[in-house]
Amino acid sequence: MKIKIKNIAWLLLAVSGFYSCVKKETVYSSAFTETFYKTASDAEKAIIAVYGPLADMYSGPAATMASDFSNDQTYPRAVVGRNTLTLFSYDPFYTAFRSNGRINESPWQIWTSAYSGIEKANWIISKLPDAVMDETRKKQIIGEAYFLRAFFYWMLAKNFGDVPVKTTPSSSLNDAYTAKSTKAEVYHQIYSDLDIAAAAGLPSYPAVDKGRPSKEVVDALYAKAALYNEDWPTALQKAQSVIGSGKYALMTDVMDVYRYDKEDAARIENMWAYEVDPISPGRSHQLVGLCGPPGSAGKEYALTSYGSMFAYQSFFDSFDPADKRRQLLDTTYINRSGNIVHQANITPISTQGVLIKKYQDPVSSIGAICNIPIFRLPDMYLIAAEAEAHLNGATTTAYNYINAIRSRAGLPDLESGLGQDAFIDAVLQERSREFFAEGDRWYDLTRTGKFLTVIPAAVNDVYPERTVQAKNKYFPIPQEEVDANPKLEQNPDWK
Amino acid sequence: MNEKRKNARRLIFPLFILLMMFSPALMPALRAQQDLLTVTGKILSDEGSPLGGATVSVKNARISTATAGNGQFTLRRVPPNATLVVSFTGYTTQEIALNGEASPTITLLKDATQLSDVVVVGYGTQRKASVTGSIASVKAADLVQTPVANVAQGLQARVSGVQISQNSGAPGGNISVRIRGTNSINGASEPLYVIDGIQISNGGGITSVSPLSTINPNDIESVEVLKDASASAIYGARAANGVVLITTKRGKSGATRVMLDSYYGTQSVTKTLDVLNAAEFAQLENEVFKNNYYADPASLGEGVNWQKLIFRKAPVQNHQLSINGGNEKTQLAMSLNYFDQDGIIINSDFKRYSYRLNLDHKISDWLKVGTSVLGSYSINDGITTGSATIGDASVVTASILGAAIGAPPLLKPYRDDGTIFPFGEQEDGRYREVTNPLGLASVFNQLAIKRNLINIYGSATIARGLTYRASFNADIQSSLQNTYSPRSIISTRDLNDNSGSASKVNSNYTALLHESMLTYSTQFGDDHSFKATAVYATQVEMSNANTINASGFPNDVTKNEALQLALTHTISSSRSKEQLESYMVRINYGFKDKYFLDATARIDGSSKFGANNKYGVFPAVAAAWRISEEEFVKDISWISDLKLRASYGITGNAGGISPYQSLPLVAATGSNYNINHAYQTGINPTGIANPDLRWEKSAQTNIGIDISLLNNRISATAEYYFKKTDDLLYVLTLPLSSGYTSITGNFASLQNKGFEFSANARILDKALKWNISGNITFNRNKVLDLDGGVTDERFITAYTILKVGEPLALFKTYVFDGINQTGDVIVPGYDGRTGGYKVKDINKDNVINSDDQVITGNPNPDFIYGFSTSLSYKHFDFSAFFSGTQGNDIYNAARLSFEMPLGQRNMFKGLADRWSPTNPSNEYVSGFQGGRLPITNNPIEDGSYLRCKNITIGYTLPKMKGIYNLRIYISGNNLFTVTKYSGFDPEVNTYAGSNTVIGVDNLVYPQARTFLGGVQLTF
C-alpha cells in the first residue's frame, strides 16, 4: 500500500512533464508593438501601412464620390444607395449605404480610413524616432507620416467640419475616446504637421518614388488646406512655392494627362495621385467600370464597364465648344461592333447620358491603370489665382495664373477688368471644368456656400428635383461613431 | 547508503508502472483444489426467451463466461457452494447461490426501474439515483435511427433543453447546438464535446464541415448532455454552453459478436421554388429596360428549369462491421465503417472511412489499462449555397441556388458540344452578371480531413476505494482544402490573365491532454456514502496552416494540382499554440440513499486569457432529495420514484477567445499600397491590447423533479433553469477615431431562463409493446447589457438588431404597407415610387427615416419539441419520430433578392402578378431598373413547423442457425413538414453559428427527403 502510493506519486511526477506554463503566450506569426518599429525594414513596412487607408478611401472611391455624386457635374445611376448623395437623402446612420453594402462609397469610409491612417501614422511618429536605421531615411519616413496625417485631417475637415484631433497612438482602451476640436484647431494641426513634413528632406520630382509625396506635394497640400481654411496669404505663398519650384509643368495636351498609356509621362503635372496598376494583388478603384457604358459595350472605355456614372447634360453644355477639356466628356460612343451609339441609347435611365472619359482603360483585365489625381499642378495655379484675388483683387498676377490654365485648354484669356467677386467666380468656374470627376467640385461649392443655389439647378430627367439644405455643407458624422464615443457630439446641423 | 538504492527505486518504480500499463501481464491466480462442479445452465429473460451474451461469473472467483445465443453457458471447476452472478445490460443483475445445483435455469428480470443504471458524468460515472444535476442521456439506438453523418443530428429533438438546428442540408454540413439557449453574443455558443474523455471543440459556420462529422455515430454507445452548472462545472472555463459527453462502445466479456449493419437509400429535394418562365421573364425584361429585347415574349414558352438541372436524386449508404467480445481480463470492440452521401445538389458529397479500436485489459487485481483509438478520413465536396448579401451580384454568382433561381430561363445551359455555356456568351452578354449555375457546380471545392482521436489510460486501485487513473489523450487532425474555379465557365470576353484560380490550404491541429485523477469512495456505516474526485489536467493545442492561392492558369487540365503553372501566387502561413492548466475537485455525499449533496470546483488557467486574468474559478453545488424513499411516500404504491433536485454553479466559456487576442500585435492586415507600380505590404498594429480579457461567466440555477409512476411505466422529468451570463465577450464598437473599429472584451451580459419537460410511457408491454416519449422546451432569452449602458441598440445586419432588454437577433425593419398606387402621395426619404413598396410612416412626421423602423419579428421560438412512438409485435417493430418549433419568425431574405425586378435576372413567380397601371397589385412591385426595395417586414414569415423526421418499419427474422440476430427495415426520413413557410425549409439559418443573426434564409442547402432500407446482422 505504501509503496503503491509512492509509485503513484512518482507517476504523477513523470506525467508532470506535460506541465506547462499558461502565464505567457508564445507568439509565432506576429510581432508586438513593443518589438516592432525597431529597424529600417520595420520603418518601410510601417509607412506603407499608412498608405493602405488612403487606398481604402479611394477604392470605392469614397474620396471622389462624396463630392462627385453630390455636385452639379456628375451623377450616379440610382442603384445600391448611390442616389442618396445626389438626392441629399442620406442620414447620420448612412442607412442606404449600409443596407446596400456600399459603405465603401460613402463619407463614412472617408471617416474610417482617415482615422485608420492617422493611427498608423501616430505609431510611426511616436515609435520610429527610437529605431536604429539611417537617420536621413528615418526623417523622411517620419516626414511622410506627418504629411499623410495632415492629408487625412484635411479630408476629415473638408467633409465633416469639426472633428477629433488625436496625435498619439491608442495603447489602451482609455486612449480610444477623443473629443472634437474646432475647425481652426484641426487646421492648426494640419499646418504644424506639414511644417515638419516640409523639413523632412523629402525628394523632389522626378527623384521621388511614384506614389509618395515629393517635397512640393507637401506645399501643394499646404496651399489647398490653406485655401479651404480661407487663409489666403498662406495659400498664395505655398501655391507660388510649388509653381516656382520648377519641378512640375503643365502638359501641352490636356488629354494626355488622363491617357492610360501616358501615365508616367503625366507625372510632370499629376503631382500626387492614388496609385493603381493592372496587377494582382494590387490596389484598384471602380471608376473605370462605373464611367464606361453599360454592358461593357464601349471599346475604348474598359473591358468591363457598367454605365453607372454620367455627367449632367447641363455641365456638358457649360463648356465652350473650343474647350479641349470637353473632349473628356462624350455624348456618343463606338460599340464593340464599331457602330456609333447615340446619346439616347447610352443608358436606359436617361436619353441624355453624357460619358466621362477621364478614366478610360481599354486594356486591363486585372485592376486598372488610371490613377485618380489628388494634386495636379493646375490646382496650384488656380489656388494662387483665387488667393491673390482675395488678397489684392483681380490683379495681373491673378489673371496670369488663370490664363495659364485656360490657354492650355485651348481657350482665350479670361475677359479682363473683372471685379474681385466676378474674378473669383471665374476661377471657381475654371476649377469646375478642370477638376470634374476628381473629387474636388463639391468642396468648392460648400466652402463658398454656393451649393445652396447651384445644386437645385443641377437636375435632369434622372434627378428632376434635388433639394439641398444648409446642413449638407458637411456630412453627418457616422451615427455609430457618435454612439461609440461619449465624448463626441454629432454635427449641430445633423442632431 | 540507502540514498542510492532509494534513488534507484525512485527511477525503477515509475518505469515499472509505465511498463505495466502498456504490456499485458498475464498472471493467472491459483486457487486451492476443491470438489468442483461443472455447471451447465441457461439464462432466460423474464419473457422466457433465451438471453445470449449475458455474463455469468462465480462470485469472488475468476471464473466467468458468457451465454451463447441459446442462453446456455458452461462453467467448469465451480465450488458447489458458490454464488453465481449473472448480468446483462438492461436487466437487473442477479446473484444465485448454487447450493450444489449443476444445471440451473436463471431468469433475469428487466431492469424496470433503471435506477440502478449508471450514467456517465464528467470524469466518472454516477448511479442514476444519486444524480443531482441535470443530465440527459441518449442511447445509441436513438442516435442512429435516422441516417446521420453527425452525432449532433442524431440528438436533434431527443433531449429537452437542447435546440439543434441543421443549418444546411449539405452532406457533412454544419449544425448548431444550443444547450439552454444562446448564452453568448460574440463568443462561441456551441457546447464542449468530450469523446471518451477527449475534449474537443466544435466550430460553426455554414461553409465549414462540422468537426463532429469526422466521428462515426455508429461507434457511439451513449451520449450524455450535461445541462446545469453542477453537472458541467467540472469542465470549468469551457462548460458554460453545456457539455456533451460521448462514450464509444467498449468491449464486453462474453461471446464474440460480429455485427454487420448496412443501409442504402435515396434522397431527393422536398420542394423547388416557383420562378418566372421564359415568356414571363422576357416580358419583364422588356418592361424593366423599356426596350424591345424580345419581340414576342410569349413565343419563348417555359424555357429552362434551372432548379431541375441542379437538383438530383442522390444515394446515401452506410456500412459498418463491428466486432465485440472478450474475456474477464481483456475486452475489445472494433469497427470499420464506410459512409457515403451524395448531395441532392449536383457536385456535393460527403464520404467517410473510419475505424475504432477500444481495448480494456486487467493486468492484475489492482491495475487496469486500456485504449480507445478512433480514426477517420473524410472527404467533402462542397458547393456554395448561401449568400450574405441581398440583391447584389453575389446572390446570383456565388450561390448555386441563387444562380438557379436568377438564371434567365431563356438561356441555354450547354453549348451544342455539351460544354457549359457561359451566360456572357449568350444574348449579347446582357446576362453576364448571372453565373450559369452549372458553371458554379463545376467549381471544385474539396475538404479532406484526417483525424485520429487517441486515448490511453491506466487505472490503479491503490487501496480499498482509492483509485488513481492517468489518461493521455491526443486529437490529431490534418486537413487539405482544395479549390479550383475553371476557365471553362468564364465567357470568352471575360477571360483574363487571372482566369482559372486555385487554392490549397494545409492545416494541422494537434491537441495533447493529460489528466491525472484520484477517486476515493467509501461508505461510513450503513447510511453515509462518500466519494471524492480530484483531477489535475494539462492541455496544449497547436495549430498551423499554410495557404497558397494561385490564379491565371493557361488551361484547366491540371486543375489545382500544378500551382506552379499559374501566373500569380499569394501565400500565407500561420501558427499558434494555446495551453490550459486545470485543477478540480468534486465531492459526492449521500445519506441513506435519500439525501445527496454534490460540490464541485475547477480552476482553469489558460494562456489565451489576458495577463490580468490568467486563472478562473468555477464552483458548483447541488442537492437532491429522493422523496420516494421517505416513509410517508413509500406507501403510495403508484409512485415508484420521486426526486427533487436543485443546483447552483458558475461555469465559464472561453470558446470565443483566440490565442494572442489580448496582446498588442502588429501584423500585415492588407494595409498595402502600390509604390513605383509594385504592390507593397504594410505592417501595422491590429488592435488595442486588452490585458483584462477573460472567460465569459455563467451563473446557473437549476431546479428539477424526476417522477416515475405505476411501477415505472410512466416517467417524467421537469426542470426550470435560470442562467445569467456576465462578462460576455462583446465586440465593442470603438470610435473609429481611435484608429480601430472594435475591441473584443468582457462587456456584455444576457440571461436565459426556461422550462423543459420530458416524459416517457410504456403503455403496453405484453406481446404488443407500445412506448411513447416526448419533450418540450421553453427558453426565453434577454440581452441585459451590451457595453455598460452606452449602447441600447445596434444593427447587426440591415434587418437584425441587438437590443438591451430584448431577445437576441430581433428583426427591425420598415413596415410594409402595400404598393404605392397611381396618385398616392409618396412620403419622401426612402426612394419610394409609384409601383414600388409603400412604407408606413410610423411616427407620422411625413418623412421616412430610421425612426420609422420598428421591431417586426422574433426568430426565437416560443417552444421547441420532439416526440416519438414505437410499437412492436412479435417480429415486427415500428417507430415514428417528430420534431418541431413554434412561434419563430424567419427573415426570408431571398425574397428581397428575387422579388426585386432589377432586370437581368429571373424572379420568383409572384412577379408575374406585378404592379402596373392596369394591374394595381398591392403585393409585387412593378418592373424597374435601378433602385432597391426598402428593407421591410414583407419577407418575414412564420417559421413554425412540425416535421416527421423518421418512420421506420422493421422485421426481425425468426432464429436461424448460425445467425444470432437478423433484422431488416425500411425507413423514411424528413417525410413531411407542416409549415406555412414559403422557402425551401423552415429549419434554416444562413448565418450558421452566429448568435446574433438567426432565422435568416438567404438560400441554404435544402434538407433532403430520404427513403432507405437496411439490414442488421449479428453472428
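Of the 495 residues of chain A, 56% count as buried. The model shown in every view is predicted.

**Figure 1. Overall build of chain A.** Chain A comprises 18 helices and 11 strands. Its radius of gyration is 26 Å, close to the 23 Å given by the globule rule for 495 residues, so chain A is as compact as a globular protein of that length. Along the principal axes, the C-alpha atoms of chain A fill a box of roughly 110 × 50 × 45 Å. Among contacts in chain A with a separation of 6 or more, 67% are between residues 24 or more positions apart.

**Figure 2. Packing of helices α6 and α7 in chain A.** Two packed helices are described by the angle between their axes and the distance between the axes. Helix α6 (residues 107-127) and helix α7 (residues 135-160) of chain A pack at an angle of about 155°, and their axes are 9 Å apart. Because angles over 145 degrees count as roughly antiparallel, α6(A) is roughly antiparallel to α7(A). The crossing of the two helices, α6(A) and α7(A), is left-handed. On the α6(A) side, the residues making the contact include Pro107(A), Trp111(A), Gly117(A) and Ile125(A). On the α7(A) side, they include Ile141(A), Tyr146(A), Arg149(A), Phe152(A) and Asn159(A). By class, this contact between α6(A) and α7(A) has 17 nonpolar, two polar and one charged residues.

Figure 3. The peptide bond from Tyr205(A) to Pro206(A) is cis, with omega near 5°. Pro206(A) belongs to the loop between α8 (183-198) and α9 (215-228) of chain A. Ser280(A) and Pro281(A) are likewise joined by a cis peptide bond, for which omega is about 0°. The loop that holds Pro281(A) runs between β5 (270-274) and α11 (287-291) of chain A.

**Figure 4. Positive phi at Ala437(A).** Although Ala437(A) is not a glycine, its phi is positive, at about 60°. The residue Ala437(A) is located in the loop between α15 (420-435) and α16 (441-448) of chain A. Ala437(A) counts as buried because it has 25 C-beta neighbours inside 10 Å, and the cut-off for a buried residue is 20 or more.

**Figure 5. Positive phi at Lys559(B).** Lys559(B), a residue other than glycine, has a positive phi near 45°. Lys559(B) lies in the loop of chain B between β25 (528-551) and β26 (568-591). With 15 C-beta neighbours inside 10 Å, Lys559(B) counts as partly exposed.

Technical notes: Residues numbered from 1 in each chain as written. Chains lettered and ligands numbered in written order. Predicted model: local features only at pLDDT ≥ 70, side-chain atom pairs only at ≥ 80, totals over all residues. Helix = DSSP H or I, 4+ residues; strand = E, 2+ residues; numbered from the N terminus. Buried ≥ 20, exposed ≤ 12 C-beta atoms within 10 Å, placed from the backbone. Axes fitted to C-alpha atoms, helices over the stretch in contact; angles between N-to-C directions. Parallel < 35°, antiparallel > 145°, perpendicular 65-115°, else oblique. Left-handed = near helix turned anticlockwise from the far one by under 90°. Contact = placed C-beta atoms within 7 Å. Nonpolar A, V, L, I, M, F, W, Y, C, P; charged D, E, K, R; others polar. Rg over C-alpha atoms; globule rule 2.2 N^0.38 Å.
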